[in-house]
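Please report on the disulfides, the nonpolar core and the aromatic pairs of this chain.

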Amino acid sequence: MNSQRLANNPGPLHFRFQALALGVMLLGVPGCQPERPGEEGELEPGTVAREMRVANSLTTQALVLNTISTNPTANHLLTTGGLAPLFEPLTGNSYLRHQLRDTDAQSFMSYLVSCALPAGHHVLWKDPLTLTVRRWEGKTGLCPQWKTGAPSQECENRVSACLLARNNALGRRVELSIRGEDALRPTLFALENETRPVEYDPDLGNGRVPSYETCTAAQTGMNRDCGWEADFIGRCTAGQPVRLGAGGKAPDQCATGSALGTWSGARMMLRVCDGIIGCDQGSTRQLGQSEGTCATPQAAVTFTCPASGYFNVMSAPYDSTLTGNVNVEVEPGTPAATHYRLSEKAVFRIREGAYYGNIFDAGALATKVFVDESGRIVGKDQVIQGSVYRKMFSCQAPEWTEAAAYASHRVCALPGAGANCAAQPVGDCIDSANRAYPASKCRKEDGAVVWGDGDFEECYDSTGTLWKEPITVFLHEPCGLTPGASSNTCTWRGGTK
């Protein structure tokens, strides 16, 4: 059973205590559819590294009012067979293809496939607006069987939770760590022991940082904004000097310092950026860069640890036509207390909450959006009080100072009115003063499959039904998904677990 109804008040429960870019969609504004997509706290030794970091930028409006998931006919069809045959360009379901005239439906399907299928798998589909064959790519692999056959209810629930976790009202591409458990696939939600910097910047219109793009012509030197690669992420004490290198001495210790790190292959360069997102030369987030120090071609950088306490490193060959590698090392035993090559758990430490339920219950939709026979999209300008998906729920981590306000901003397209919501917020996942339902909505604060990841498991909805496939979201910074909200709304008062 994937869910069960709570028939009686339970006794005390035992508890133990991880961004596809669309713009904001405004109601009543014609033509506002988004463009089509296309150290401390480490896990126990032996944990399998698997990337469960995902981008969050599906707008809430696109999630709740699109002609696939908010269309009872199309919603039901999705669960009757495999995604690949349903959307096959020549022989797929004609009704579903017609509903893809809504670009929000295209975006929804892009995220659905990304949640359901693993990396390396895709679904081909024909765009009815351009008549071109395109593809949706898999990423997280929560329901791989959906590619060729109908999903189980457990599969539907996992994909639903993933979709809800990856929406936000403003469509900002923000990196998340999603955590959960599947006893039959224990490594599915395992966290990365070393996690890479983010290559897409929400302040650049969700676009990729140009320095990560391939150079189109041969270039040399550290001031170019192409041909760079992401290395790793570090943490330090704000205001203290940090030194790191890939074979060179720190530029302020040429006479006394030791060489830091190594390189191989072509001559290599380094660039250091504030936070966890890469940067271009001259960016306000650039902390330093080097193409050689102390009269040598070996790279090393000295910089002041930023207020954020996080930095990330990029590397590139001096000559863009060559290739090389770096092994970056930081200066040990300094007041900066620098740690490098942080794990996913160490980078994404802000526990947001859990998401659960089932989007794919066609009988539990509060409204209908569809493309009629003439090609006109009907129902996009609706304002629906509460949740459009009556069987989708969210609970918030107890560390939020204003949990209810944060929840509304997180799952509602119109948070001020509590309207066009993708789920019903039900309260705190865990109430430390009373860990029994209904005060606490989840029975477990750390599932046993991946110890130490802090995921909420076995969570109740507002009717007392128990859902066994929640997904818990961890953020890097509290206000990353709600930049327009008041500071109190996204204040996270908890420690890091």
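A disulfide is a pair of cysteine sulfur atoms within 2.5 Å. The structure holds 10 of them. The model is predicted, so a few ground rules apply: local features need pLDDT of at least 70, side-chain atom pairs count only at pLDDT 80 or more, and totals for chains, interfaces and linings use all residues. Residues are numbered from 1 along each chain as its sequence is written, and side-chain values use heavy atoms, with hydrogens and water left out.

**Confidence and overall make-up**

pLDDT is the predictor's confidence in each residue, from 0 to 100. Its mean over the chain is 87. A value of 70 or more is reached by 87% of the residues. Residues 1–51 stay under 50. For that stretch the model has 157 contacts (heavy atoms within 4.5 Å) beyond four places in sequence.

The chain has eight helices and 30 strands. These are DSSP runs numbered from the N terminus: helices are H or I with at least four residues, strands are E with at least two. Of the 497 residues, 55% are buried. Buried means under 20% relative accessible area, exposed over 50%, and partly exposed in between (1.4 Å probe, protein chains only). The chain exposes about 19,300 Å², and carbon and sulfur atoms supply 50% of that area. Accessible areas come from the Shrake-Rupley method with a 1.4 Å probe; for residues, only the protein chains shown count as cover.

**Disulfides**

| Pair | S–S distance | Torsion about S-S | Hand |
|---|---|---|---|
| Cys273 and Cys279 | 2.1 Å | -75 degrees | left-handed |

Cys273 and Cys279 are both buried. Cys395 sits in strand 23 (residues 392–396), and Cys429 in the loop between strand 26 (424–428) and strand 27 (442–444), so their link ties together parts that are 34 residues apart in sequence. Cys395 is buried at 0% relative accessible area. Cys429 is also buried, at 0%.

Cys479 and Cys490 both lie in the segment after strand 30 (471–475), so this pair joins parts 11 residues apart in sequence. Cys479 is partly exposed at 34% relative accessibility, whereas Cys490 is buried at 3%.

**Nonpolar core**

A nonpolar core is a set of buried Ala, Val, Leu, Ile, Met, Phe, Trp, Tyr and Cys residues joined through side-chain atoms within 4.5 Å. The largest has 77 residues. Leu78, Phe87, Met109 and Leu112 have the most contacts inside it. Helix 5 (residues 103–116) gives the largest share of this core, eight residues. Beyond four places in sequence, the contacts of Phe87 include Leu78, Leu96, Met109, Val123 and Trp136.

**Aromatic pairs**

Rings of Phe, Tyr and Trp (its six-membered ring) pair if their centres lie within 6.5 Å; planes under 30 degrees apart count as stacked, over 60 as edge-to-face and the rest as tilted. The count comes to 10 pairs. The rings of Phe87 and Trp136 have centres 5.2 Å apart and planes at 85 degrees, so they are edge-to-face. Phe87 is in the loop between helix 3 (83–86) and helix 4 (94–99); Trp136 is in strand 5 (residues 133–137), 49 residues apart. Both are buried.

Phe311 and Tyr340 are stacked, at 6.0 Å centre to centre and 5 degrees between the planes. Phe311 lies in strand 16 (residues 310–317) and Tyr340 in strand 19 (residues 339–340). Phe311 is buried at 0%, as is Tyr340 at 13%. Ring pairs also join these two with Phe232 and Phe303 into a cluster.
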